[in-house]
Amino acid sequence: MALGTRAFRGEDSGIIGPAFLPLVVAVLLAILGILTIFKSRGAAIANREPARGVDRRVALRIAFVFGALAIFLVLLHKVPMLGFPLLAPPLLFVLILLFGGRFSVGTAVVAILIAECIYLFFVKWLGLLLPASAWF
Amino acid sequence: MSGELFGALAAILAPHVFIYLVVGVVLGLIVGALPGLTATMAMIILLPVTYSLPTLESIQLLMGVFVAGITAGSITAIAIGIPGTPASAATVLDGHKLTLMGRSGEAISLMFLLNLIGNVLGALVCIMVAPQLAVFALKFGPPEYALLALIGMSLVISLSNTSLLKGLTAGAIGMAIALVGVDPMTGGARFNMGVSDLAGGIGYGAVMIGLFGLAEVLSGIGAKQSDVFTAARKADVEAASLTHLRRAAAHLWPLRWTIMRSAPIGIFIGALPGLGSDIAAWLGYDMSKRFAKKPEEFGKGSLEGLAGCEVAKSAEDGGAIIPTVTFGIPGDSQTVVILGALMLHGVRPGPMLFQQHSLVVWSIFAALLVAPFVTAALGLLTVRPTVWLVSRPTHLLYPAVVMFCIVGAFAYSNTVFDVWMMLAFGALGIAMKLLDYPIVPLVLTYILTPLMESEFRRGLMLVHNNPLEFFTRPVFVILLIVGVVAFLSASNVFSRVSVKPPD
């Protein structure tokens with residue numbers, strides 16, 4: 001954390017320079033980290049039970065959402081041929097399924113409609129420069 | 001003072017400005033009523049949309065969402081027993097009981113009237129206090145601002161969560177995030193790891209949308225939703241009629257002492273940095289129970305219970321605006337967005353606001369006064385459609401909100417990098433929610449750290465690097481005393497009052 005702050009020492013005429021607050025935060029985080037570890041170990045010994053569990057299926061779904069969003073962003077950034085109007089509907093379709101929608105043609109149609117409406121609203125109406133494909 | 005207020009009222013009631021307040025109120029009613037969507041979320045995603053609007057219009061839009069979003073959560077709380085926003089959690093206890101007793105129309109009418117009263121009381125106090133406070137704040141130099149930011153941070157860290165360790169950790173993480181970018185004094189680069197996208201720091205939009213948007217929506221995945229449908233489908237809710245309204249109005253006079261007790265609580269909690277309507281509502285509920293004539297009726301459909309939390313919750317709005325406009329220190333998570341909106345439109349909050357951008361600050365006050373009436377009028381007319389909307393499946397709505405988060409994060413800086421950062425903060429937000437870490441301290445320290453650091457260092461230069469000289473400044477000492485008193489009295493109130501629902 002404190003890496004890279006040392007270089008600034010002595011540049012400043014004041015008694016504290018750009019490295020002061022990072023150092024304070026680093027020390028604070030280190031102390032808090034150690035306290036948290038001790039506290040959790042103490043609690044684990046006291047309870048001898050695993051910490052309050054998260055529903056595994058829900059956790060898996062959230063992980064899938066992040067996976068889908070990451071793939072979307074990589075494609076949006078690296079493959080300029082595709083762009084938002086082509087990539088958003090499949091993403092939205094996957095998200096709808098993950099949020100409990102049915103796998104059907106109707107869902108797909110709705111996904112396309114919502115995604116393109118968002119695109120038209122932000123890009124055509126508000127003038128946002130979302131990465132669009134070369135075809136639009 | 002009144003001249004400025006009437007000028008601002010005239011400005012915001014002009015049709016081309018007023019329409020934005022109405023749109024904001026409608027959006028606020030929808031996101032407020034829908035569990036899982038919050039006013040903060042809607043405001044932070046709307047903020048980039050307001051780029052193209054003039055300052056006055058965009059502020060009205062956001063204020064509309066702010067006021068209506070906090071009120072509307074109680075519609076869902078009363079009608080189906082699930083809070084539409086966290087601020088309405090206390091309302092469920094007595095409000096939903098009234099619906100089960102077949103008095104939903106009356107309860108919802110009374111809720112809107114109480115919110116109207118709370119909002120207006122909060123607005124009036126804000127209008128009276130804020131300009132005076134700004135005059136006082138003109139005397140502030142760098143050391144005073146540094147101290148103020150520090151007081152703000154310590155208040156939110158120590159009071160927003162039961163665990164001090166978790167609050168402190170969240171605050172320290174927020175500080176660390178704020179350090180990335182440019183050193184405020186020398187302009188040197190810090191912690192950007194050679195990534196050019198990080199040279200300007202971690203984007204406000206990415207942090208806010210990640211924590212208040214994505215994390216919030218994704219934590220709605222799972223079983224919780226189906227409960228909402230079943231409850232909403234079964235709910236038998238009457239539309240609020242004139243008869244209900246008349247009956248509700250008749251309850252107001254007997255409730256006058258409860259209202260008068262809860263309003264100051266809400267305003268005080270609002271004015272403390274980082275403490276929001278949810279905490280104000282619990283405190284108001286608890287306080288009215290303490291003073292109630294029939295405390296045994298609480299939790300069984302007591303009107304005093306409903307009034308206690310609703311008035312405190314709604315009075316908080318005005319309280320939260322006070323430090324936001326006078327010091328540039330947000331009073332809760334919604335005013336963080338108001339602060340961001342002001343900055344994006346080139347308006348720097350602080351005592352000079354009253355001189356340099358008089359119309360902007362008075363239009364915020366005017367919105368605090370007008371928005372509650374619009375909210376009550378539109379809200380009362382749309383009780384049944386709102387309940388219908390809440391009972392719709394969310395598997396289309398939530399994914400659409402995720403898309404809005406992506407587009408919104410992109411809109412802040414026009415880079416895909418910020419969308420990645422937004423994803424990262426979404427993940428951080430979910431992790432913090434699961435591990436029961438409070439999010440607001442993180443956001444507030446992230447906002448206040450640059451202010452505190454630069455003012456502290458500027459202050460040190462002023463006193464030739466002798467921090468002890470700070471104590472020779474009368475305003476500094478006054479502020480220190482006020483800060484310590486606020487801190488002690490607030491933590492005293494908190495230790496005596498349960499801020500969590502009885503299980």
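**Entry 1: charges over rings**

I began with R256(B), which lies over the face of W253(B) at 4.2 Å from the ring centre. My cut-off for a charge over a ring is NZ of Lys or CZ of Arg within 6 Å of the ring centre and within 35 degrees of the ring normal. I also found K166(B), whose charged end sits over the ring of Y437(B), 5.4 Å from the centre.

A note on ground rules: this is a predicted model, in which local features need pLDDT of at least 70 and side-chain atom pairs count only at pLDDT 80 or more, while totals for chains, interfaces and linings use all residues. Residues are numbered from 1 along each chain as its sequence is written, chains are lettered from A and ligands numbered from 1 in the order in which they are written, and side-chain values use heavy atoms, with hydrogens and water left out.

**Entry 2: aromatic pairs**

I looked up F84(A) and Y119(A), a stacked pair with 5.9 Å centre to centre and 20 degrees between the planes. F84(A) belongs to helix α3 (residues 83–98) of chain A and Y119(A) to helix α4 (residues 105–125) of chain A, so the pair ties together parts that are 35 residues apart in sequence. Helices here are DSSP runs (H or I, at least four residues), as are strands (E, at least two), numbered from the N terminus. F84(A) counts as buried at 0% relative accessibility, and Y119(A) does too at 4%. For burial I use relative accessible area: buried is under 20%, exposed over 50%, partly exposed in between (1.4 Å probe, protein chains only).

Next I turned to F354(B) and F365(B), a tilted pair at 6.2 Å centre to centre with 40 degrees between the planes. This pair links distant parts of the chain, with F354(B) in helix α16 (residues 353–356) of chain B and F365(B) in helix α17 (residues 358–381) of chain B, 11 residues apart. Both F354(B) and F365(B) are buried.

I also noted one aromatic cluster, formed by F136(B), F140(B), Y145(B) and F327(B).

I looked at helix α4 (residues 55–80) of chain B, which has 26 residues and reaches 38 Å from its first C-alpha to its last, close to the 38 Å expected at 1.5 Å a residue. The expected span is 1.5 Å times one less than the number of residues.

Where does α4(B) bend? I place the bend at G69(B), at about 30 degrees. The bend at a residue is the angle between axes fitted to the seven residues ending there and the seven starting there. α4(B) is mostly covered, with 26 of its 26 residues buried. Just after α4(B), G81(B) takes a positive phi of about 80 degrees.

Within helix α4 of chain B I picked out T76(B), which is buried with a relative accessible area of 4%. Neighbours within four places in sequence left aside, T76(B) is in contact with A33(B), P35(B), G81(B), I82(B), G84(B) and V390(B). Contact means heavy atoms within 4.5 Å.

I then checked helix α9 (residues 204–218) of chain B: its 15 residues should span 21 Å at 1.5 Å a residue, and its end C-alpha atoms are 20 Å apart, which agrees. α9(B) bends by about 40 degrees at G210(B). In α9(B), 15 of its 15 residues are buried.

**Entry 3: positive phi in two loops**

I found N414(B) with a positive phi of about 60 degrees although it is not a glycine. N414(B) lies in the loop between α19 (397–413) and α20 (416–434) of chain B, and is partly exposed at a relative accessible area of 38%.

D436(B), also not a glycine, has a positive phi of about 70 degrees. D436(B) sits in the loop between α20 and α21 (440–462) of chain B and counts as partly exposed at 45% relative accessibility.

**Entry 4: chain A overall**

I counted 4 helices and 0 strands in chain A. Buried residues make up 34% of the 136 residues in chain A. Among contacts in chain A between residues at least 6 apart in sequence, 50% join residues at least 24 apart.

pLDDT is the predictor's confidence in each residue, from 0 to 100. Over residues 1–13 of chain A, pLDDT stays under 50. Where pLDDT is low, the predicted coordinates should not be read in detail.

Technical notes
Phe/Tyr/Trp six-rings, centres within 6.5 Å; stacked < 30°, edge-to-face > 60°.
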